[in-house]
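Hello,

Here is the structure I promised to pass on. Please open it first, then read the notes below.

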Amino acid sequence: MTVENGKATRLRGNPDHPVTRGFLCAKVTQYLEREYHPDRLLYPMKRTGAKSKGEFTRISWDEAGDTISRNLQRVACEYGPEAVLPYSYAGTMGLLNGAGMDRRFFHRLGASRLDRTICSSAGTAGMTAAQGLRYGTEPEQFRHSKLILAWGANILGTNVHLWPFLQEARRNGARFYVIDPVKNRTGALADKFYPIYPGSDLALALGLMHVILGEGLDDAGYVERHTRGIGALKQKVKDYPPDRVEALTGLPKQEIIGLAREYATTRPAAIRLNYGVQRSERGGRAIQAIAYLPVLTGSWKDLGGELQLSTSHAFHLNRPGLEMPGLQQKSLGREARLVNMVELGHALNELANPRVHALVVYNSNPAAVAPNQTAVRKGLLRDDLFTVVLEQFQTDTADLADIVLPATTFLEHTDLYFAYGHYYLQLARPVLAAPGEAKSNVEVFRLLAARMGFPEACFLDTEDDLIRTLLDSPHPFVNGITLEQLEREHSVRLNLGQPFRPFAEGGFGTPDGKCEFQPSDLDYVPPIESRLGDASLRSRYPLELVSSKNDDSMNSTFGHRAQVDEDTGELWMNTLDAGPRSIESGDRVRVFNDRGSVMLRANVNGGVRAGAVRAPSVRWPKRSHGRQGINVLTAERLTDIGGGPVFYSCLVQVDKCGD
Ligand SMILES: Nc1nc2c(c(=O)[nH]1)N[C@H]1C(S)=C(S)[C@@H](COP(=O)(O)OP(=O)(O)OC[C@H]3O[C@@H](n4cnc5c(=O)[nH]c(N)nc54)[C@H](O)[C@@H]3O)O[C@H]1N2
Ligand SMILES: Nc1nc2c(c(=O)[nH]1)N[C@H]1C(S)=C(S)[C@@H](COP(=O)(O)OP(=O)(O)OC[C@H]3O[C@@H](n4cnc5c(=O)[nH]c(N)nc54)[C@H](O)[C@@H]3O)O[C@H]1N2
Ligand SMILES: [Mo]
């Protein structure tokens with residue numbers, strides 16, 4: 001970062017960082033524009049008119065703190081503290097501002113706990129079922145691969161720092177294949193592209209195992225030494241011969257057979273699995289089944305083989321010390337109820353005993369990102385709901401708040417960051433002064449704890465105290481890393497072997513270290529909202545909508561930019577679906593189902609196969625036609641395991657509109 005006269009003029013990556021190597025992704029490249037944007041929220045505000053009007057007036061921090069503490073106390077007293085619901089996710093993934101003082105505050109209050117499922121919990125459950133420990137290939141090791149499968153992973157769009165390692169592998173002869181219903185920039189650059197039906201990956205994984213085990217292409221030695229239950233798995237995958245899997249996935253059976261053989265016989269072969277796969281009804285089990293593949297082929301023995309979904313589990317920090325769940329004993333005498341964040345619409349409109357009467361939102365924009373948006377908005381509009389929103393910008397969620405508090409950015413506050421795509425722990429100190437009266441989440445919850453009269457000393461902890469607590473972990477991956485070291489080096493590799501080879505010799509997260517195949521959970525049933533799902537629903541809504549990530553925004557963050565609107569207004573369609581509807585590229589189209597409708601511009605391209613459409617997510621609803629964002633179309637239904645969202649199992653109809 002270059003700062004001239006207190007103003008940042010250039011943001012760069014750290015050239016010495018072994019993974020990011022000095023370059024920034026498209027989103028963070030634009031961060032200074034966000035930092036100094038005239039629409040940044042600078043002062044606390046209170047609502048003046050009706051909720052639907054979104055009118056606010058500036059107030060002091062004193063008045064804001066007083067109003068918030070009075071209302072939280074009132075709600076807790078009248079309905080019980082569980083009538084207060086915190087709502088937060090990934091606005092910042094910093095541990096202090098994302099899961100620190102805030103957690104202590106809500107535990108001490110006895111508020112409902114939020115089950116933070118909106119992104120990765122189905123995949124987490126699937127990986128836990130398969131491996132026990134959720135470790136994966138280091139990004140640096142992909143350079144040694146000879147075959148790389150990007151499975152539901154838009155590497156160029158969402159994980160660009162992996163791309164150079166992949167290119168290095170390809171220069172050395174590696175092939176790169178993509179399994180994805182959408183041919184985005186990543187798919188377009190693949191050596192082979194497999195346009196799988198959305199939500200059918202479990203069937204494909206079972207089909208690949210059918211071929212691998214049927215043809216004896218597995219690594220019998222590794223399987224013998226490091227697994228249990230191979231007999232039952234062999235039996236199960238017999239039910240998934242290539243012709244059946246062709247019907248379930250839409251991939252020709254010769255391609256399935258070819259892919260299985262090539263994957264099992266190429267060494268090293270790596271799988272970059274990403275969360276796209278698990279945003280559908282069988283998504284959790286799909287991840288579990290895919291994670292069996294490198295176990296069967298013994299790929300964990302190979303440098304540049306293995307599989308990566310996430311690396312985050314390796315950060316064995318002292319999270320209980322940070323979050324202090326024991327504080328609930330003081331307020332409730334037990335654990336508070338758990339509310340699934342995917343079901344926010346239900347929680348605000350229907351949940352009883354007690355009904356939710358106060359909502360505190362930070363690091364999230366639920367009016368845009370949560371499914372079943374109409375229900376979420378209806379809930380947020382309730383006059384008997386007291387809502388506080390901590391934000392950098394005036395989002396749709398902030399529009400529906402009673403009190404809005406201005407938040408700092410990562411350039412303005414201290415935080416400690418784990419990662420989910422590499423193994424480096426990172427410290428960031430503020431490099432810029434907070435503008436106006438913005439405060440960090442840590443400061444806000446510290447201030448509110450004082451207002452509420454919480455006497456515990458833990459609410460006085462400084463940022464450095466919180467970091468030292470997190471580092472106070474007996475786990476060998478973290479033990480010995482100090483704040484002083486982080487201060488010097490900024491980015492510190494966890495204490496892992498170099499290279500890190502998590503399961504080269506077994507060591508899975510089970511009592512005896514063996515991977516336990518559990519095939520009884522793996523039967524494939526197509527999602528209700530899919531081409532092979534509920535026939536009557538499909539007769540009205542015949543198209544499968546995948547609302548995957550934007551290239552140049554971060555979920556709804558950066559939604560304030562006009563550029564983002566232009567890019568996100570597109571619906572990709574296949575000619576076979578556009579033709580009969582007389583739709584051509586550039587036409588305005590209405591995309592709808594029983595839950596709602598949105599207006600987009602058609603782009604009839606080769607990006608999706610017939611029967612599927614794609615819209616990038618997530619834009620600000622208030623900058624969309626009729627305030628309807630993409631999530632008016634998505635359902636609150638949950639995944640098979642992990643309680644995750646089914647954003648990418650969504651049936652819609654499309655028709656042409658006048659201009
Ligand atoms: N530019 C950008 N980068 C981001 C984000 C962003 O919003 N924008 N968000 C960040 C976040 S929060 C996350 S969780 C990660 C997510 O990173 P990814 O998981 O890579 O992103 P997604 O777009 O959810 O899905 C990846 C791919 O899965 C495909 N897909 C959808 N359904 C299926 C399916 O049923 N089967 C298969 N095989 N593929 C499917 C999509 O078409 C997409 O190309 O990205 C992070 N990085
Ligand atoms: N249809 C559809 N919906 C989706 C997805 C999809 O692929 N398709 N993806 C889902 C996924 S994977 C995810 S992770 C969720 C993401 O859901 P969210 O985590 O809610 O993501 P954002 O939209 O980025 O909203 C984060 C907000 O936090 C604010 N913020 C940033 N830093 C700070 C801070 O330090 N303090 C405070 N107080 N605020 C801050 C930002 O300004 C932004 O408005 O969306 C989900 N929704
Ligand atoms: Mo996410």
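**Ligand 2 and its surroundings**

T557 places a polar side-chain atom 2.5 Å from an oxygen atom of ligand 2. Taken alone, ligand 2 exposes 920 Å², and the protein buries 97% of that area. Keep in mind that this is a predicted model.

Two further polar contacts are worth a look. E391 also uses its side chain: a polar atom there lies 2.5 Å from an oxygen atom of ligand 2. S547 uses its backbone instead, with a polar atom 2.9 Å from a nitrogen atom of the ligand.

Now the wider shell. There are 33 residues around ligand 2, and R34, E391, K549, S556 and T557 come nearest. By type, the shell divides into 13 nonpolar, 16 polar and 4 charged residues. Where do they come from? Domain 2 (41-118 + 319-411 + 438-460) and domain 4 (535-656) each supply at least three residues of the shell.

**Helix α15**

The other item is a helix. α15 covers residues 283-296, which makes 14 residues. From first C-alpha to last, α15 reaches 20 Å, close to the 20 Å expected at 1.5 Å a residue.

Is α15 enclosed or open? Of its 14 residues, 14 are buried, so the helix is largely enclosed by the rest of the structure. Buried here means under 20% relative accessible area, counting protein chains only. After α15 comes G298, which has a positive phi, near 70°.

Best wishes

Note on methods: Residues are numbered from 1 along each chain as its sequence is written. Chains are lettered from A and ligands numbered from 1 in the order in which they are written. This is a predicted model: local features need pLDDT of at least 70, side-chain atom pairs count only at pLDDT 80 or more; totals for chains, interfaces and linings use all residues. Side-chain values use heavy atoms; hydrogens and water are left out. A residue is near a molecule or strand if one of its heavy atoms lies within 4 Å of it. A polar contact is a pair of N or O atoms within 3.5 Å; within protein, one must be able to donate a hydrogen and the other to accept it, and residues adjacent in sequence count only if both atoms are side-chain atoms. Accessible areas come from the Shrake-Rupley method with a 1.4 Å probe; for residues, only the protein chains shown count as cover. Ala, Val, Leu, Ile, Met, Phe, Trp, Tyr, Cys and Pro count as nonpolar, Asp, Glu, Lys and Arg as charged, and the others, Gly among them, as polar. Domain bounds come from an automatic or database domain assignment. Helices (H or I, at least four residues) and strands (E, at least two) are DSSP runs, numbered from the N terminus. The expected span of a helix is 1.5 Å times one less than its number of residues. Buried means under 20% relative accessible area, exposed over 50%, partly exposed in between (1.4 Å probe, protein chains only).
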